[in-house]
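Hi there,

Here is the structure I promised to pass on to you. Please open it beside this email and look up each place as you read.

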Amino acid sequence: MDYEVEDALEDIARFEKYGAAAERNTGARQERPGVHVYLPEGAGATLEEDARVKLYMLEPKSLSQILPYFHNLGLEVLDERPFEIETADHRDFFLYDLGLKYPAGVDPLSTGEYLSDSFGAAVTGAAESDNFDRLVLREGLHWRQVSVLRAYARYMRQMGNSSSFGFMADTLLANPDVTRGLSAFFAARFDPAISDGQRAEAQASVRQELAASIEKVATLDADRVLRTFVNLIEATLRTNFYQNKPHLSFKLDSARIEGLPFPRPMFEIWVYAPRVEGVHLRFGKVARGGLRWSDRREDFRTEVLGLVKAQTVKNAVIVPTGAKGGFFAKQLPDPSTDRAAWMAEGVESYKTFIRGLLDLTDNLLTEGGGERVVPPSNVVRHDDDDSYLVVAADKGTATFSDIANGLSAEYGFWLGDAFASGGSVGYDHKAMGITARGAWESVKRHFSELDLDTQTEPFTVVGVGDMSGDVFGNGMLLSRHIRLLAAFDHRHIFLDPNPDEESSFTERQRLFDLPRSSWDDYDKSLISDGGGVFARQAKSIPVSPQMRAALGLPAETTELSPPNSCVQSCWPPPTCCTTAASGPT
């Protein structure tokens with residue numbers, strides 16, 4: 001392809017428009033790359049390509065970095081012509097000219113703005129890039145509209161829906177009338193520009209069209225997925241979508257969600273962003289409970305639901321019922337390489353989660369001796385006033401209360417530093433070890449009845465948990481004479497057939513002090529012969545002679561498959577005076 005002088009002048013102008021001037025003057029990074037779609041002579045006729053796109057960037061990108069974004073949009077990249085430009089004042093610019101093959105029926109020029117916005121959002125991390133992106137060009141949906149559908153799909157996976165994420169994207173793509181109807185239904189319910197008088201009529205009209213479109217869906221699996229999308233939108237009470245935040249949050253009426261596991265909370269808030277996903281379950285308008293930094297990407301809602309059952313019982317003597325939340329940070333760096341960066345990303349994910357909760361929560365203002373409820377801006381409410389929200393500490397967030405209270409102040413939230421239990425002047429469950437110390441008194445009484453002093457005599461322990469937990473971690477440090485034979489959580493199985501009391505205590509203390517540690521962080525050189533740390537996801541665990549003896553396994557046992565059979569073999573091992581299990585509350 002030949003380029004004319006006019007082409008070069010246009011490219012220079014676009015580089016200036018897309019951020020070069022800002023970088024020269026202030027050193028700022030380009031927020032989004034420039035994108036220009038054009039039709040070369042013969043495109044779609046004599047040429048294989050349907051159109052070409054120019055990318056104007058201030059940082060270099062390889063073709064392997066660029067290709068996935070276009071592939072997810074449903075485009076085929078036929079060729080690439082990269083250009084690196086260095087100016088006389090030593091500024092670098094990068095121009096990429098790509099030949100594209102479009103899906104049938106998609107006009108390159110009329111969808112150029114959609115392509116530009118979507119690619120820019122994906123490459124800068126404002127949006128995730130996956131098969132849902134195909135809806136942008138084929139159905140003419142803005143990337144933020146697609147993010148709403150993606151967020152609901154992520155929640156469907158957390159609620160236990162058996163359909164894969166890819167199948168959900170394929171179903172939406174194969175049923176364009178329903179997909180457009182879902183987006184219209186969401187807007188009819190929550191667009192603040194629609195008056196209250198028109199909203200009911202708009203919803204009814206779109207709902208009727210949606211029902212007719214779904215009736216035409218050919219397969220049962222697709223029908224179920226699409227009806228679940230409709231059900232979730234209907235069950236959504238509030239959303240921050242029209243606040244134009246970098247994250248999405250939905251407040252859901254859980255009782256209206258079909259197929260949701262029991263028990264169902266009164267409300268839950270689902271927070272979705274490219275960097276984090278989280279859920280907050282609340283079983284009453286006035287309910288308290290902590291937020292957990294979860295490492296269970298696929299089912300952290302299940303984890304939180306299990307925890308909130310116990311929280312509800314505990315809170316019966318404090319407040320009427322319980323609440324619990326959890327978030328999963330999706331872009332954590334490797335902690336073994338840079339633990340500070342890993343922690344920083346976790347904190348930012350926590351902040352995003354908290355903001356998503358506060359975005360949908362009413363505020364209280366004191367005026368003239370009375371209180372006035374102030375709803376959040378640009379949020380259409382399909383429920384009553386709801387201003388109570390507290391976020392106590394839990395596993396992984398014991399030191400985050402001041403961070404949460406800072407966000408409370410940022411939002412001007414009425415609870416102030418009561419939002420997160422007082423912050424640095426409140427209770428740090430892990431530092432104080434209140435629950436573990438209370439449980440330990442029962443352990444000491446039990447052992448005293450066996451004529452064994454836990455503070456002076458060794459005893460063997462099998463535990464459930466890891467040293468990062470406030471209960472298990474503190475419990476395993478309440479005696480220097482614990483011989484921890486085995487322990488496991490959902491990630492690892494720890495086995496030490498002949499533990500040394502002093503060195504193992506010191507190492508457990510180190511792990512307790514190490515933020516978000518796991519058994520895999522244990523110094524393997526301190527584990528006795530025949531032991532080790534094994535992944536729960538492994539196909540099998542090799543069994544050493546020392547392990548066979550410690551666990552009382554048959555002489556012919558050389559491996560345990562799956563790893564859960566190893567867990568079962570630990571209860572109870574023949575060498576234990578007793579077994580101790582500690583877990584989170």
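This is a predicted model: local features need pLDDT of at least 70, side-chain atom pairs count only at pLDDT 80 or more; totals for chains, interfaces and linings use all residues.

Residues are numbered from 1 along each chain as its sequence is written, and side-chain values use heavy atoms, with hydrogens and water left out.

**The whole chain**

The protein chain has 18 helices and 20 strands. Here helices (H or I, at least four residues) and strands (E, at least two) are DSSP runs, numbered from the N terminus. Along the principal axes, the C-alpha atoms fill a box of roughly 90 × 60 × 55 Å. Of the 585 residues, 51% count as buried. Buried means under 20% relative accessible area, exposed means over 50%, and partly exposed is in between (1.4 Å probe, protein chains only). Among contacts (heavy atoms within 4.5 Å) with a separation of 6 or more, 63% are between residues 24 or more positions apart.

Helix H10 covers residues 300-314, which makes 15 residues. From its first C-alpha to its last it reaches 21 Å, close to the 21 Å expected at 1.5 Å a residue; the expected span is 1.5 Å times one less than the number of residues. The buried residues in H10 are Phe300, Arg301, Glu303, Val304, Leu305, Leu307, Val308 and Gln311. An α-helix has 3.6 residues a turn, so residues three or four places apart point the same way. The buried residues of H10 pack against H5, strand E7 (267-272), strand E8 (276-282), strand E9 (287-288), strand E10 (290-293) and E11.

Strand E16 (residues 482-488) is largely enclosed by the rest of the structure, because 6 of its 7 residues are buried. Its partner is strand E15 (residues 459-464), and the two pair in the parallel sense over 6 bridges; strands pair if DSSP finds at least two bridges between them. In this pairing, Val462 stands opposite Ala486 in E16.

**Empty spaces**

Rolling a probe the size of a water molecule over the atoms shows where empty space is left. On a 1 Å grid over the protein atoms alone, a cavity is a set of points where a 1.4 Å probe fits but cannot get out, and a pocket is an open set with protein on both sides within 12 Å along at least five of seven lines; lining residues have an atom within 4 Å of a point. Grid points are joined across faces, edges and corners, and a volume is the space filled by probe spheres set on the points.

The second largest pocket holds about 450 Å³ of space. It is lined by 20 residues, of which Pro335, Trp342, Arg491, Arg516 and Ser518 are the closest to its centre. Strand E11 (321-329) and helix H11 (339-358) each supply at least two residues of this lining.

How many cavities of 30 Å³ or more does the structure hold? There are 2. The largest cavity has a volume of about 50 Å³, and its lining includes Lys251, His280 and Asp386. The second largest cavity holds about 40 Å³. Helix H3 (112-123) and helix H5 (143-158) each give two or more residues to the lining of the second largest cavity.

**Single residues to look up**

Most residues other than glycine have a negative phi, and most peptide bonds are trans. The peptide bond from Phe262 to Pro263 is cis, with omega near -5°, and Pro263 sits in the loop between strand E6 (248-252) and E7. Asn244, not a glycine, has a positive phi of about 55°. Asn244 is in the loop between strand E5 (236-239) and E6, and counts as exposed at 56% relative accessibility.

Is Asp223 buried or exposed? Asp223 is buried, because its relative accessible area is 14%. Leaving out residues up to four places away in sequence, Asp223 touches Ile214 and Val217. Asp221 is in helix H9 too, but is partly exposed at 45%.

Happy exploring!
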